[in-house]
Amino acid sequence: MKKSSKLSQRAKYSKLSIIISAALFSSTLALSSAPALANWPAQVDGQMMPSLAPMLEHATPAVVSISVIGTHKVAQKNVPDAFKFFFGNKGENQLQQQPFRGLGSGVIIDSDKGYIVTNNHVVENADKIMITLKDGRQIEAKKLGSDAKTDIALLQIEAENLREIKLADSDELRVGDFAVAIGSPFGLGQTVTSGIVSALGRSNLNIEHYEDFIQTDAAINSGNSGGALVNLRGELIGINTAIIGPSGGNVGIGFAIPSNMMHNLVTQIIEFGEVHRGILGVSGRSVNSEIAKAMELNISQGGFIEQVMPDSAADEAGIKAGDVIVAMNGKAIKSFLELRAKIGSIGANKKVNLTVIRDGDKKTFTVKLKQDQSADISAASIHRMLEGTLLENDTKNQAIIIEQVAQGSPAEMAGLKAGDIITGVNRSRIKDIAQLRDYLKDKTGVLALNIVRDNHAQYIMIR
């Protein structure tokens, strides 16, 4: 009797659990007007059961598989003496092409124009990019632009009957919200995993230059990069990017680029072909207990401003050293790194409202961001033989300084070096990066790059 009673009790709890689960999902449904959830919970054998299937039937066709073919440029070793004779010391640094193949995922964000968002690292150095749609169609894509510092790339395909995904406001996310990851891990084909939003505003991970990640425990694996992280309405909340996995597999710590950050960057790529990154013109650090005590602050989070650059956007708006930025456009800022990442994804000449704590009082400043002039992100888009360079405008001398040249890059192969100053192309004077881009936009064939190296002028030919 006791045993039977226990079994009956378990059955009651089991049944109650199903009812509660169904009620929970039903309440979520009631809050949403999205047609994708119209049949959710689903009916199974006459009973209402919670299911993600109706939402996924709407969302998954907007997620694609990406395969790439390309070449890496690697240093060639053991160069024969005969070649050293002809090429001098350069013979030891001759480069050779090493082919590679890669897999990833992408998300259709505009069905009419065929725009697909993915990670930069998925398509970087790709010579050919193939898209496989959910219905099996395979279409070659072209890359419209990318931003290595945030790991975002925009592709385009020409196809009919595409399904796009709706973007959610990622600033409205809360820890504990349900999240579903869609992608193609390990080349297995489209796969769906679920979990929750584990944390927000993750930074200082040294994954990307600008970090403001959504952390999730929805399983993300190799091949999921560039795929979708969606909410229970099937709306895009993030682009899956990276995992922490000591053994290379998933351990429940994955990271996604927030949809708002992605949207800001993609909008710039569509308009300019690259990211025109906004810059505030400050340096600082995150507020901690030591700073709070030293500066007599009654807050424990925010971005503490140590220095304001002269004539910068912050300087012109009236922000001062010692200020603590605690919100941007009404949304809380928890750290200096979060502030940097959010500012870095907003385009130049855009206005933002910054809430500042100064001498215990709260003040609001409207700041018009200036453009980051480093422009290393645009070097490859200017000309393929400039790939691997970090370009900087020399406004004083009206020229372009090559700050860095990556080892094994096309720029190094062409003979460019760090410290070179670009003053012209062919017989045309070039004063800045924008002018160089405009001049080379429609030029083909061999070009003579006029540079100054060690105070001596010379020409370097690029094709």
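Mentor: A nonpolar core is a set of buried Ala, Val, Leu, Ile, Met, Phe, Trp, Tyr and Cys residues joined through side-chain atoms within 4.5 Å. Please keep in mind that the model above is predicted.

Trainee: With that definition in hand, which residues have the most contacts inside the largest nonpolar core?

Mentor: The largest nonpolar core of this chain holds 30 residues. Helix α5, which covers residues 259–272, gives the most to this core, with five residues. Within the core, the residues with the most contacts are I109, V117 and M262.

Trainee: Which residues does M262 touch, if those up to four places away in sequence are not counted?

Mentor: M262 is one of the residues with the most contacts inside the largest core, and in soluble globular proteins nonpolar side chains tend to be buried together. With residues up to four places away in sequence left out, the residues that M262 touches are I109, V117, I152, L167, L236, I239 and I257.

Trainee: How many residues are in the other core, which lies apart from the largest one?

Mentor: Among the members of that other core are A379, L386, I400 and I422. This core lies apart from the largest one, and its size is 22 residues.

Trainee: Looking at the whole chain, what percentage of the residues are buried?

Mentor: The chain contains eleven helices and 28 strands, and its accessible surface comes to about 24,400 Å², of which 49% belongs to carbon and sulfur atoms. A residue is called buried when its relative accessible area is under 20%. Of the 463 residues in the chain, the buried share is 45%.

Trainee: Is M461 buried or exposed?

Mentor: M461 lies in strand β28, residues 456–462, and together with V446 and Y459 this residue makes a nonpolar surface patch of about 310 Å². A residue must be over 50% in relative accessible area to be called exposed. Because the relative accessibility of M461 is 53%, this residue counts as exposed.

Trainee: How many of the ten residues of helix α8 are buried?

Mentor: Helix α8 runs over residues 336–345 and is mostly covered. The buried residues in α8 are F336, E338, L339, A341, K342, I343, G344 and S345. Of the ten residues in the helix, the number buried is therefore eight, given the cut-off of under 20% relative accessible area.

Trainee: K342 is in that list, so which side chain does K342 meet in a salt bridge at 3.9 Å, and why does this pair tie together parts of the chain?

Mentor: K342 lies in helix α8, whereas D171 lies in the loop between β8 (152–156) and β9 (178–183), so the pair ties together parts that are 171 residues apart in sequence. K342 is buried, with a relative accessible area of 17%, while D171 is partly exposed at 36%. The side chain that meets K342 at 3.9 Å, N to O, is that of D171.

Trainee: What is the relative accessibility of D420, which meets R453 in a salt bridge?

Mentor: The side chains of D420 and R453 meet at 2.8 Å, N to O. D420 is in the loop between α10 (410–414) and β25 (421–425), and R453 is in strand β27 (residues 447–453), so that the pair, 33 residues apart, links distant parts of the chain. R453 counts as buried at 17% relative accessibility. D420 also counts as buried, and its relative accessibility is 1%.

Trainee: Turning to the strands, how many bridges join β20 to β21?

Mentor: Six of the eight residues of strand β20 (residues 351–358) are buried, so this strand is largely enclosed by the rest of the structure. Strand β20 pairs in the antiparallel sense with β18 (residues 324–328) over four bridges, and M328 stands opposite L354 in β20. With strand β21 (residues 361–368), β20 forms a hairpin that has two residues between the strands. These two strands, β20 and β21, run antiparallel, and the number of bridges joining them is eight.

Trainee: Which residue in the turn of that hairpin has a positive phi?

Mentor: R358 stands opposite D361 in β21, and two residues lie between the strands of the hairpin. The residue in the turn with a positive phi, of about 55°, is D359.

Notes. Residues are numbered from 1 along each chain as its sequence is written. This is a predicted model: local features need pLDDT of at least 70, side-chain atom pairs count only at pLDDT 80 or more; totals for chains, interfaces and linings use all residues. Side-chain values use heavy atoms; hydrogens and water are left out. Buried means under 20% relative accessible area, exposed over 50%, partly exposed in between (1.4 Å probe, protein chains only). Contact means heavy atoms within 4.5 Å. Accessible areas come from the Shrake-Rupley method with a 1.4 Å probe; for residues, only the protein chains shown count as cover. Patches are made of residues with over 30% relative accessible area and no salt bridge: like charges are joined within 9 Å, nonpolar side chains (Val, Leu, Ile, Met, Phe, Trp, Tyr) within 5 Å. A salt bridge is a side-chain nitrogen of Lys or Arg within 4 Å of a carboxyl oxygen of Asp or Glu. Two strands pair if DSSP finds at least two bridges between them.
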